[in-house]
4 protein chains.
Amino acid sequence: MQADAFDYRFDVKLSDTDAAGVMFFAQLLRHAHDAYEAWMARLGRPLDGMIRTGSLALPIVHAQADYRLPLRHGETVIVRVGVARVGPKSFTIDYRFTTADNRPAASASTVHAAVLPATGETTTLPADLAADLAALVRAGEGAG
Amino acid sequence: MQADAFDYRFDVKLSDTDAAGVMFFAQLLRHAHDAYEAWMARLGRPLDGMIRTGSLALPIVHAQADYRLPLRHGETVIVRVGVARVGPKSFTIDYRFTTADNRPAASASTVHAAVLPATGETTTLPADLAADLAALVRAGEGAG
Amino acid sequence: MQADAFDYRFDVKLSDTDAAGVMFFAQLLRHAHDAYEAWMARLGRPLDGMIRTGSLALPIVHAQADYRLPLRHGETVIVRVGVARVGPKSFTIDYRFTTADNRPAASASTVHAAVLPATGETTTLPADLAADLAALVRAGEGAG
Amino acid sequence: MQADAFDYRFDVKLSDTDAAGVMFFAQLLRHAHDAYEAWMARLGRPLDGMIRTGSLALPIVHAQADYRLPLRHGETVIVRVGVARVGPKSFTIDYRFTTADNRPAASASTVHAAVLPATGETTTLPADLAADLAALVRAGEGAG
């Protein structure tokens with residue numbers, strides 16, 4: 001509906017599954033990160049450029065996931081990416097995973113700290129990035 | 001151009017790369033298999049159904065890859081999937097990887113044997129699958 | 001020191017790292033699960049047997065991780081596996097990751113539900129498994 | 001028996017397997033590379049240092065694998081690493097995978113080119129590395 005709603009879609013591939021017949025739990029977080037990268041690129045902030053220039057790193061300092069449904073081989077999954085929180089030195093992205101018939105399958109979140117690659121020290125988020133992310137929190141909350 | 005030409009597209013994600021800054025070599029074969037699955041689904045032979053029913057397995061008995069260009073984080077890659085050979089009990093799929101500006105980046109092939117899951121014995125390819133694949137070899141050769 | 005202390009050791013391989021030069025965050029959870037499997041095997045409850053017989057599944061319903069230090073290519077990491085909690089239908093495993101020189105690098109936990117594979121329904125933990133795990137919680141607390 | 005014989009051992013973890021119940025084929029090449037890294041470290045040439053200093057890169061330009069036995073979850077696998085060939089600008093490593101009861105399970109090889117990271121150009125192998133590798137080819141051939 002709104003410009004900042006972002007859905008990333010993937011199919012559960014054989015390479016995602018394990019001998020129990022469903023997606024291996026850590027692959028959900030890999031797909032969350034793949035979705036985050038696609039989302040950042042759409043915001044005009046591709047991660048590959050950021051890593052190559054070495055200007056700023058946004059390493060994950062916390063990650064969590066809740067699994068509601070087994071995700072089976074061949075299933076289509078939609079990931080809705082959103083901004084949950086923006087702080088002075090970090091922000092939180094959340095991910096809602098639904099099946100093609102719109103059943104909630106899983107949710108996840110990742111907390112990213114702003115770090116200066118040269119020293120490894122945490123730093124304040126650049127003002128323009130913080131503003132962009134903050135605008136998306138408001139939009140996500142429907143308070144726009 | 002023709003109905004059976006099949007291109008699978010992916011972006012090199014951070015999860016594909018390694019500390020040398022480019023795609024880790026084994027990830028190319030993972031992407032080849034992801035492309036093969038998408039291609040088989042389009043042929044009306046989704047692998048997940050085949051594995052779930054346990055009627056036939058098509059395990060890889062040989063795989064190889066040649067790497068021409070480093071594939072960098074953020075790069076878009078196109079995989080052209082084709083049938084290289086169909087034998088009585090096995091077939092060979094090949095994969096040509098190109099960059100978005102059409103430079104050859106890598107090639108790969110996988111040889112799949114027909115196996116009865118219950119016993120692990122090799123078997124002859126089902127006639128309809130062999131015929132479908134053989135038609136695609138001819139098409140690929142431009143002799144159609 | 002005590003029989004139930006279990007340390008799992010791995011080296012950060014190139015395949016674990018990403019273009020930012022350190023271990024990709026989801027790989028930490030993969031290593032946590034590898035450590036959990038080795039630990040379960042040592043308890044006499046190898047996961048592969050459990051999955052093959054289909055008697056009981058212990059899928060992860062929640063996972064989380066906190067990252068304190070970047071884990072660099074070539075670094076040796078020790079994972080201390082422990083039982084954090086045992087409930088009637090689920091249990092929580094925790095993981096402390098330290099570097100070879102004993103600096104805390106990360107921590108993680110996974111919550112496993114007891115599920116009947118045939119139906120997908122949650123069930124009570126088998127009494128012997130619950131007792132074994134509960135004994136390890138006590139030992140871990142040093143209240144033995 | 002001899003100093004340069006090098007065996008790398010791993011257990012097939014759930015994270016290695018797929019919904020067909022056995023190790024996903026590309027994971028064999030990941031384990032081959034993990035074994036290569038451990039072997040290079042034992043030769044006194046750890047890859048992480050080489051990548052960090054940026055003095056020389058040894059990217060894989062060709063990889064291949066033959067799969068003889070399905071590798072099942074929980075199985076112990078031994079990888080014998082050896083030097084197959086040393087050329088002026090590249091070398092070939094081979095890998096023989098056997099089960100714990102010594103059945104041949106798979107084989108693989110990787111061809112590594114010497115490349116200058118700064119320019120991406122191929123270069124001649126440093127004389128000391130070429131000599132070390134060549135000595136191992138001779139040893140492997142039993143012609144020592």
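1. Before the symmetry, a quick word on how the copies were compared: they are superposed by least squares on the C-alpha atoms of residues with pLDDT of at least 70 in both. Keep in mind that this is a predicted model. With that in place, chain B goes onto chain A by a rotation of 180 degrees, with 0.0 Å of shift along the axis and an RMSD of 0.0 Å. That is what a two-fold axis does.

2. Where does chain B come closest to that rotation axis? At B:Phe10, whose C-alpha sits 5.5 Å from the axis. As for the surfaces used, 100% of the interface residues of chain B are interface residues in chain A as well, so the copies meet through the same surface.

3. Now the A/C contact. It brings together 19 residues of chain C and 19 residues of chain A. On the chain C side, H1 and strand E2 (60-67) each supply at least two of the touching residues. E2(C) has the largest share, with 8 residues. By class, the side of chain C that touches chain A splits into 14 nonpolar, 3 polar and 2 charged residues.

4. The strands deserve a look of their own. E2 of chain A (residues 60-67) pairs with E2(C) in the antiparallel sense, over 5 bridges.

5. Next, the helices between A and C. Helix H1 (residues 25-42) of chain A packs on helix H1 (residues 25-42) of chain C at an angle of about 180 degrees, and their axes are 9 Å apart. An angle over 145 degrees counts as roughly antiparallel, so H1(A) and H1(C) are roughly antiparallel. From H1(A) the contact uses A:Phe25, A:Ala26, A:Leu29, A:Arg30 and A:His33, and from H1(C) it uses C:Phe25, C:Ala26, C:Leu29, C:Arg30 and C:His33. Sorted by class, that contact has 6 nonpolar, 2 polar and 2 charged residues.

6. Chains B and D have a helix pair too. Here H1 (residues 25-42) of chain B and H1 (residues 25-42) of chain D pack at about 180 degrees, with axes 9 Å apart. H1(B) and H1(D) are therefore roughly antiparallel to each other. Which residues meet in H1(B) and H1(D)? B:Phe25, B:Ala26, B:Leu29, B:Arg30 and B:His33 face D:Phe25, D:Ala26, D:Leu29, D:Arg30 and D:His33. The contact of H1(B) with H1(D) comes out as 6 nonpolar, 2 polar and 2 charged residues.

Methods: Residues numbered from 1 in each chain as written. Chains lettered and ligands numbered in written order. Predicted model: local features only at pLDDT ≥ 70, side-chain atom pairs only at ≥ 80, totals over all residues. Axes fitted to C-alpha atoms, helices over the stretch in contact; angles between N-to-C directions. Helix = DSSP H or I, 4+ residues; strand = E, 2+ residues; numbered from the N terminus. Parallel < 35°, antiparallel > 145°, perpendicular 65-115°, else oblique. Contact = placed C-beta atoms within 7 Å. Nonpolar A, V, L, I, M, F, W, Y, C, P; charged D, E, K, R; others polar. Pairing = 2+ DSSP bridges.
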